[in-house]
Amino acid sequence: SRTAKISRLSTTRVVARKAISSSSYFDHELLKRETVFFVFRFLDASSLSRAAAVCSCWRLVAVDERLWMWLYMESGLERPSVLSGSWRWDFVKQKVIERNWIEGRYRVTRLVGHREAINCMAFCNDVLLSGGDDNELRVWDLAGQLGNSSRTLVGHQGKVLCCCIVRGMAVSAGEDKVIIMWDLKTGNPVANLVQHTHAVLCMVTDGERFVYTGSADHDVCKWD
């Protein structure tokens, strides 16, 4: 029953926390790693971190990526578009960011360049795109990876309404119905894609290969 499951879960958590508070609660040298893993499955992040400091055996289990993946998925945190390769590191980083926002520990930096309203933005690996009513797509290099702190990509004949970043390229579209792919390093257009018959209003990417665009012509196009 649901009540029994909750009772077993509560008991397991109590045992786990007692084990962490006193390394002699039971003989961890004789406890199989699978059992430790099962117990640790019910711990929160702070309890796992404390468990890792008890002994080398517990540390090996406490840093298991499966535990941190489950914690991440169950926490309700938004999954990052680009994973660092470590669920533990991504979880800790997202929690730090969340706490900083809540406690007001942040810095505001103004990026000035657009001459008219900004309609869209996209971000990936410290590169920010912004498109506006001035027909421009701007690339903001927040970490100095591209050589310039900002770059203006000119090519659209109307307002830029949507943009994204995929495979090291910027993609933008808007009122002129044209989807332009740009080389982020050089700022040069790579391709002009024409399919929609009305303004392109939105786009999204899977971050690896495909770009999907939606238009006022009632069509959704998939670009490979």
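With which residue does E136 form a salt bridge, and how far apart are the closest N and O atoms? In this predicted model, local features need pLDDT of at least 70 and side-chain atom pairs count only at pLDDT 80 or more, whereas totals for chains, interfaces and linings use all residues. Residues are numbered from 1 along each chain as its sequence is written, and side-chain values use heavy atoms, with hydrogens and water left out.

The partner of E136 is R115, with the closest N and O atoms 3.0 Å apart, a salt bridge being a side-chain nitrogen of Lys or Arg within 4 Å of a carboxyl oxygen of Asp or Glu. This pair links distant parts of the chain, since E136 lies in strand β3 (residues 136–141) and R115 in the loop between α6 and β1 (118–124), 21 residues apart. E136 is buried at a relative accessible area of 11%, whereas R115 is exposed at 57% (buried, under 20% relative accessible area; exposed, over 50%; partly exposed, in between; 1.4 Å probe, protein chains only). R115, E136 and R138 are linked in a network of salt bridges, and a search of the whole structure finds eight salt bridges.

A further salt bridge joins D224 to R209, the closest N and O atoms being 2.7 Å apart; D224 is in the segment after β11 (220–223) and R209 in the loop between β9 (200–205) and β10 (211–215). D224 is exposed, with a relative accessible area of 56%, and R209 is partly exposed at 42% relative accessibility.

Notes
Helix = DSSP H or I, 4+ residues; strand = E, 2+ residues; numbered from the N terminus.
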